[in-house]
2 protein chains.
Amino acid sequence: MVPPRISIKLCYDIVSPYSYLAFETLTQYRELWNIDLELCPYFLGGIMVAANNRPPMSVKLKGEYLSQDIKRLGEEAGLKINVAWVNNPPNTMGVARFLRAYKDVSSQAELESVSRRLFVEMFSGERSPSDPGFLGCLVPDLISEDKLKQVIARSGSQEIKDLVKTESAALVKDYGAFGFPWIIVRRGDGTTNSFFGSDRFGNMAWWLGSEYKWQGPRPDVPKSKL
Amino acid sequence: MVPPRISIKLCYDIVSPYSYLAFETLTQYRELWNIDLELCPYFLGGIMVAANNRPPMSVKLKGEYLSQDIKRLGEEAGLKINVAWVNNPPNTMGVARFLRAYKDVSSQAELESVSRRLFVEMFSGERSPSDPGFLGCLVPDLISEDKLKQVIARSGSQEIKDLVKTESAALVKDYGAFGFPWIIVRRGDGTTNSFFGSDRFGNMAWWLGSEYKWQGPRPDVPKSKL
């Protein structure tokens with residue numbers, strides 16, 4: 001039985017490991033929960049500044065715990081997440097602008113594949129997202145060399161820079177976002193609620209109603225196999 | 001089938017609403033998960049200072065989200081949690097010292113009942129924990145008037161003040177704690193791991209092994225009744 005249609009906006013930046021967890025969870029639950037899922041890439045740094053927040057790693061022990069926490073959560077979810085930085089996270093402004101520009105010229109399925117590849121590249125820890133070659137991991141199977149160049153060129157335009165800025169400001173102002181993943185859920189009855197983090201899916205399921213079951217991050221794998 | 005015995009230390013302060021959620025979850029799962037549960041009251045303010053952390057509410061939007069988040073999580077768990085303060089949390093140093101002194105002269109069951117009553121009093125929002133009458137909610141059914149006076153007197157002694165201080169410092173130094181609830185879990189095989197927050201029980205169950213099932217915050221209530 002398919003539960004009533006709901007819509008979810010996932011606001012993320014590939015620099016955020018908890019966004020990666022939420023991204024994989026939501027794409028896995030899309031059919032089970034009958035989700036009209038919209039992927040919304042943003043630049044986390046802009047949100048943090050607008051919300052007067054600071055990275056968790058600015059508290060040393062929080063940073064140390066985060067590495068351990070992410071490792072455990074990643075293992076449970078079957079994902080390799082290696083957070084390679086220890087102090088400030090690397091700059092993803094270029095990637096965020098690229099994803100925003102790409103969103104305009106791609107389907108949601110293409111945006112999903114590209115975002116997933118960039119999350120994997122990010123958390124393999126091999127290369128910084130500010131390296132010029134970082135986006136090269138998309139070529140040639142997800143994007144052609146030519147298209148990559150076009151989208152990168154457009155991502156540097158004033159139009160896209162302004163768009164990323166105004167959309168970030170609006171997310172903070174209208175929804176109270178202060179970090180990622182920021183997940184905006186609209187229930188079948190039209191009620192909307194925001195959830196922060198990758199650890200509220202159980203509570204989200206409870207809020208959605210009894211047709212929506214939370215079965216952990218790997219609903220596809222029987223418990224006995226884990 | 002009862003799974004292998006595990007031991008859990010719950011480090012908490014009644015000022016922390018997520019500690020209240022973790023407290024109720026762990027006392028509910030004690031039999032299901034065969035937990036040797038030790039309740040360990042601390043003073044959160046001391047931990048925050050030692051770990052160079054600051055209250056989530058110091059970021060305005062985080063504070064606003066927290067109120068909404070706690071309300072939803074409390075409703076799911078069947079608990080009334082009203083966070084009545086908006087900026088800095090009220091001072092619980094006196095209550096923390098009281099609970100630490102009481103721990104020395106009580107059974108774990110008594111400490112549990114007293115802690116639960118103080119959590120309820122805290123999140124009814126009627127009275128500040130620094131009010132002289134706050135601990136009066138324990139009299140006469142949980143503690144006699146005389147015993148309350150004795151424990152309060154001892155909680156003001158240099159011995160207890162030093163104990164709370166040194167134990168907090170040790171928790172930060174030895175376990176990397178930076179906030180509450182801080183949950184130290186020892187598995188049947190002797191491996192120990194720390195979990196921060198009230199939102200890691202699913203991951204904890206995964207780490208413990210397939211005999212430990214996470215069934216949400218109300219394992220006693222059939223899903224169909226929720």
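**An exposed proline and its surroundings**

Guide: B:Pro132 is exposed, at a relative accessible area of 83%; exposed means over 50% and buried under 20%, with partly exposed in between (1.4 Å probe, protein chains only). The model is predicted, so local features need pLDDT of at least 70 and side-chain atom pairs count only at pLDDT 80 or more, while totals for chains, interfaces and linings use all residues. Residues are numbered from 1 along each chain as its sequence is written, chains are lettered from A and ligands numbered from 1 in the order in which they are written, and side-chain values use heavy atoms, without hydrogens or water.

B:Pro132 belongs to the loop between helix H5 (108-124) and helix H6 (145-155) of chain B. Helices (H or I, at least four residues) and strands (E, at least two) are DSSP runs, numbered from the N terminus. Between the C-alpha atoms of B:Pro132 and B:Gly94 there are 9.4 Å, although the two are 38 residues apart along the chain.

B:Ser168, in helix H7 (residues 158-175) of chain B, counts as buried because its relative accessibility is 5%. A polar atom of its side chain lies 2.9 Å from the backbone oxygen of B:Val164. Beyond its neighbours within four places in sequence, B:Ser168 is in contact (heavy atoms within 4.5 Å) with B:Tyr42, B:Phe43 and B:Ile47.

In chain A, six of the seven residues of strand S1 (residues 6-12) are buried. S1(A) runs parallel to strand S2 (residues 35-41) of chain A, joined by seven bridges; two strands pair if DSSP finds at least two bridges between them. A:Leu10 stands opposite A:Leu39 in S2(A).

The two chains also meet each other: 29 residues of chain A are in contact with 29 residues of chain B. There are four salt bridges between chain A and chain B, a salt bridge being a side-chain nitrogen of Lys or Arg within 4 Å of a carboxyl oxygen of Asp or Glu. One of them joins the side chains of B:Asp199 and A:Arg200 (2.9 Å, N to O). The side of chain A that touches chain B receives two or more residues from each of helix H3 (60-77), strand S4 (192-196) and helix H8 (201-208) of chain A. H3(A) gives the largest share of that side, nine residues.

Terms used: Polar contact = N/O pair within 3.5 Å; in protein donor to acceptor, adjacent residues only side chain to side chain.
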